[in-house]
Amino acid sequence: MPAQAARHRPPATPAASGDYTAFLAAIRREASRQGLNAPAVTQALDLQAPNAQVIQRDRNQPEFHLTWAQYRSRVLGARKISDGRTAFAAQRGVLEQQVLTRYNVAPGAVMGIWGLESAYGALTGKFTVVDALCTLAFEGRRAQFFHDELFHALAILNAGDITPDLMTGSYAGAMGQPQFMPSAYLKYAVDIDGDGRRDIWHSMPDIFGSIANYLAGSGWVGGESWGQEITVPDSVAQSALGRTHTRTHAEWMAMGIRQMGGAPFADPATTGAVLRPDGPGGEAFMVYRNFAAIRRYNPSDFYALAVGLLGNEIT
């Protein structure tokens, strides 16, 4: 996704253990008031000190300004596409027979998100989610956000979907192969394999189903494309483009915009927006309603384009 400007923060300083002990005691009391009393919750909150690695990661994130061309090269390399094709071949039956019969979502979109979020399940994060979220709720920066996510995580444990030791994710609490925050899990995670648990860590039907449910709940329209690469004359002003500037194909064609290879668009009445992330001379794309659905997974034009393109290459 497009990088933001680097943030300069003071180095992490370990919090006083007594302060953290008092913080955890308050969390336990609040959990009890909310009825989150399962043994798994008690086990997850049996913590001693803030996680120094989480604080270090949070305060020292490497951030870069990337052009679209640089981003595409970084996340859509030949290895990522090759691995995706292999994974799709292995999991195609699960995806098409168990998931897409329930959700009218394109397999490429599911595969693209899976690939970008966790490299097809290879990179899911090794942090214990409750430990990470407790640290971030205590540490102060965006404390309320992480406090809320912590209690969503405790609700998941209380329901028995996963055990504390298996509830792993990124340093910021993004969980499992789809990298759902706990709030997204509660809203979109589904039990496709029928074992009574929504397991986005190990169950391929649940992983694919949860991603598909997220897209469906975000406005995915079955049978429609997310978008396509196009040609745009350099003379078209950049100010006329962008995802908020929608026009019909006929209107875009009047401005000289065509499909790759120069062919006109088949349906002049279809409405879309044109993205040219790197400006005149750079790649350009026509995007439609399903692009917005992908973007709700991660609010970045770069990310949504990469998901769509990766999915096209894989499937």
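**Group meeting: the sheet, the cores and selected residues**

The model I am presenting is predicted, so local features need pLDDT of at least 70 and side-chain atom pairs count only at pLDDT 80 or more, whereas totals for chains, interfaces and linings use all residues. Residues are numbered from 1 along each chain as its sequence is written, and side-chain values use heavy atoms, with hydrogens and water left out.

I stay with the sheet for a moment. Helices (H or I, at least four residues) and strands (E, at least two) are DSSP runs, numbered from the N terminus. Two strands are said to pair if DSSP finds at least two bridges between them. On that basis, β6, residues 271-275, pairs with β7 in the antiparallel sense over three bridges. Strand β3, residues 227-231, is also an antiparallel partner of β7, over four bridges. Met-286 in β7 stands opposite Gln-228 as well.

In what order do the five strands of the open sheet come? The order is β4-β6-β7-β3-β5, with antiparallel pairing. Strands β4 (246-248) and β5 (258-259) are at the edges with a single partner strand each, so one side of each has no neighbour in the sheet. The antiparallel pairing of β4 with β6 runs over three bridges, and within it Thr-248 stands opposite Thr-271.

Now the side chains of β7. In a regular strand, side chains alternate between the two faces of the sheet. In β7, residues 284-287, Ala-284 and Met-286 point one way, Phe-285 and Val-287 point the other way, and all are buried. Buried here means under 20% relative accessible area, exposed means over 50%, and partly exposed lies in between, with a 1.4 Å probe and protein chains only.

I turn next to the cores. In soluble globular proteins, nonpolar side chains tend to be buried together. A nonpolar core is a set of buried Ala, Val, Leu, Ile, Met, Phe, Trp, Tyr and Cys residues joined through side-chain atoms within 4.5 Å. The largest such core has 91 residues, and those with the most contacts inside it are Val-130, Leu-154, Met-167 and Phe-208. Helix α13, residues 301-314, gives the largest share of this core, nine residues. At least three residues of the core come from each of domain 1 (20-60 + 125-175) and domain 2 (227-287). There is also a second, separate core of 12 residues, which includes Leu-241, Ile-257, Val-274 and Tyr-288.

Those domain bounds come from an automatic or database domain assignment. The centres of domain 1 and domain 2, taken over C-alpha atoms, are separated by 46 Å. From the record, the unreviewed UniProt entry carries the annotation "domain: Transglycosylase SLT" over residues 22-311. UniProt positions are given in the numbering used here, feature names are shortened, and annotations may be inferred rather than shown by experiment. Residues 22-311 are 49% helix and 8% strand, and the end C-alpha atoms of the span lie 48 Å apart.

Leu-116 is found in helix α6, residues 107-118, and is buried at 18% relative accessible area. For contacts, the criterion is heavy atoms within 4.5 Å. Leaving out residues up to four places away in sequence, Leu-116 touches Tyr-71, Tyr-303, Ala-306, Val-307 and Leu-310.

The second residue, Thr-135, lies in helix α7, residues 129-139. Is Thr-135 buried or exposed? Thr-135 is buried, with a relative accessible area of 0%. A polar atom of the Thr-135 side chain lies 2.8 Å from the backbone nitrogen of Asn-51. With residues up to four places away in sequence not counted, Thr-135 touches Tyr-20, Pro-50, Asn-51, Val-54 and Ile-55.

The last two residues concern the backbone. Tyr-120 has a phi near 60°, a positive value in a residue other than glycine. This residue, Tyr-120, lies in the loop between α6 and β1 (127-128) and counts as buried at 12% relative accessibility. Arg-142 has a phi near 55°, again a positive value in a residue other than glycine. Its loop, that of Arg-142, is between α7 and α8 (143-159), and Arg-142 is partly exposed, with a relative accessible area of 46%.

Conventions: A polar contact is a pair of N or O atoms within 3.5 Å; within protein, one must be able to donate a hydrogen and the other to accept it, and residues adjacent in sequence count only if both atoms are side-chain atoms.
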